Amino acid sequence: MNSENFSISEKIVSASYIRQGLQARRSHEQLIRLLLEQGKCPEEGWSESTVELFLNELAVMDSNNFLGNCGVGEREGRVASSLVARRHYRLIHGIGRSGDIAAIQPKAAGSSLLNKLTNSVVLDVLRMAGALRLLDICLYPFRSGLFKSWPSILCAQSESPVVVENLLEGDELRTDLEAVERKIQELGAESVLCVHSTTSCFAPRVPDRLEELSVMCAKYDIPHIVNNAYGVQSSKCMHLIQQGARAGRIDAFVQSLDKNFMVPVGGAIIAGFSEPFIQEISRMYPGRASASPSLDVLITLLTLGANGYKKLLKERKEMYTHLAKEVRKLAEGHGERLLNTTHNPISLAMSLDSLEVRNPDAVTQLGSMMFTRQVSGARVVPLGGEQVIGGHTFRGFMSHSESYPCPYLNVASAIGITHGDVALCMRRLDKCLRSLRKGVGPEEAGPEDTCTEPSLVE
């Protein structure tokens, strides 16, 4: 209610009580005012009541919620289900206009304001996470998986990307800088559309040598795009981007909303160090876009606040050390080892050599057994896989190498992981490995398959 309605209310209920309610309302409004003035993630998270008050006030600014609105077009924010309307806080019109996802939508002042604020808050959080030189971002309603995650050179004369094989250094797969430069010289720098590199990736691959690649791109005047899919949660990945932009050339880097901010799948952030370049990208989006990803991430960041998000980042890093310790202990108990991939700050890999020796099919069986035991995210990579993507044949598919020395299993310490997740995963993995060692396959072993030997992790 506005101040006039509060004054009228004093004639109905005791004025002292109404003033108390007005004071409470103003405390919510003060938080909203600071957000509008600063465009930054609040230090402390908001209560659900503040978030809902803010979203409801945005919603009444959209034409589909105007009292007496008369819509005669084909896109008027009509929703058949009230449940769907409530799920989206009645913010139905979406964001942007045809040809520019960042443009103001005339029918939806509230949704447009939400979009601008979300971009501003996310920009603030990315700077907080380590990209200090960052100038602009644009949030898109599609996944970062649309951006290929293998090290490649996109060439104007080629129908498919030119893929550069990684180098094996110890257990790690790292960028072959000499091969990248040779390929640029072979193709001709003027014909290369861009170099595409990656920070966050599955071990045993580790983040690309971003600073050196950035210097190379600046030297040859070639655009450089980085897939930072789940790298926002890693200070190491963000530092690599910061250093690359400082020393050379990074035109844009892309990251997922779901992987970094714990929201539903469906959104990505394109960020860069040139405002005109990011704005030009936003003008390439075909038509109006869904506001759902923007709504989800704004609600999440307002609820967490900057301090809450920093706490999650700190806990994730601590869990990485704990997970590595537990995987190493389990691996050694089964005659395997934790692969030495210290340059990868999120993903870990455990060899499956002895399993492969006993039974070549046991590696893929392990993946099946883990899945049926409700362990999600663990990724088993056998030897010899092959897949054609974008016109390129990947031998050793999923292993980032044509001939990695051993099969392995991946796990990751991603934002939100808990000690309970780690303990349960290790217990179930231990039982699966014991079952396979005894020759029990995925069909014979029940969901709670046990053996008489004591568990290595209990």
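**H11 and its bend.** I looked at H11 and found a bend of about 90 degrees at Gly305. The bend at a residue is the angle between axes fitted to the seven residues ending there and the seven starting there. This is a predicted model: I took local features at pLDDT of at least 70 and side-chain atom pairs at 80 or more, while totals for chains, interfaces and linings use all residues. Numbering runs from 1 along each chain as its sequence is written, and side-chain values use heavy atoms, without hydrogens or water.

I then checked the span of H11, residues 292–333. The helix has 42 residues, but its end C-alpha atoms are only 46 Å apart. A straight helix would reach 62 Å at 1.5 Å a residue; the expected span is 1.5 Å times one less than the number of residues. Helices here are DSSP runs (H or I, at least four residues), strands likewise (E, at least two), numbered from the N terminus. After H11 comes Gly335, with a positive phi near 70 degrees.

**H11 against H14.** I followed H11 to its contact with H14. Their axes come within 11 Å and cross at roughly 15 degrees. Axes are lines fitted to C-alpha atoms, for helices over the stretch in contact, and angles run from 0 to 180 degrees between N-to-C directions. H11 and H14 are therefore roughly parallel. Angles under 35 degrees count as roughly parallel, over 145 as roughly antiparallel, 65 to 115 as roughly perpendicular and the rest as oblique. The crossing of H11 and H14 is right-handed, that is, the near helix is turned clockwise from the far one by less than a right angle. On H11, the contact residues (heavy atoms within 4.5 Å) include Met319, His322, Leu323 and Glu326. On H14 they include His419, Val422, Met426 and Arg437. I sorted the contact by class: seven nonpolar, three polar and three charged residues. Ala, Val, Leu, Ile, Met, Phe, Trp, Tyr, Cys and Pro count as nonpolar, Asp, Glu, Lys and Arg as charged, and the others, Gly among them, as polar.

**H14 against H13.** I turned to H13 (residues 362–372), which packs on H14 (residues 419–437) at about 140 degrees. Their axes are 10 Å apart. H13 and H14 are therefore oblique to each other. Their crossing is right-handed. H13 brings Ala362, Gln365, Leu366, Met369 and Met370 to the contact. Among the H14 partners are Cys425, Arg428, Leu429 and Cys432. By class I noted nine nonpolar, two polar and one charged residues.

**H6 against H7.** I looked up H6 (residues 177–187) next. The axes of H6 and H7 come within 11 Å, crossing at roughly 20 degrees. H6 and H7 are therefore roughly parallel. The crossing is right-handed. Leu177, Val180 and Ile184 are among the H6 residues in contact, and Leu213, Met216 and Tyr220 among those of H7. The contact holds six nonpolar, one polar and three charged residues.

**Either side of H7.** I checked the backbone in the loops. The peptide bond from Ala203 to Pro204 is cis, with omega near 15 degrees. Pro204 sits in the loop between strand E6 (192–198) and H7 (210–220). Asp221 is not a glycine, yet has a positive phi of about 55 degrees. I placed Asp221 in the loop between H7 and strand E7 (224–227).
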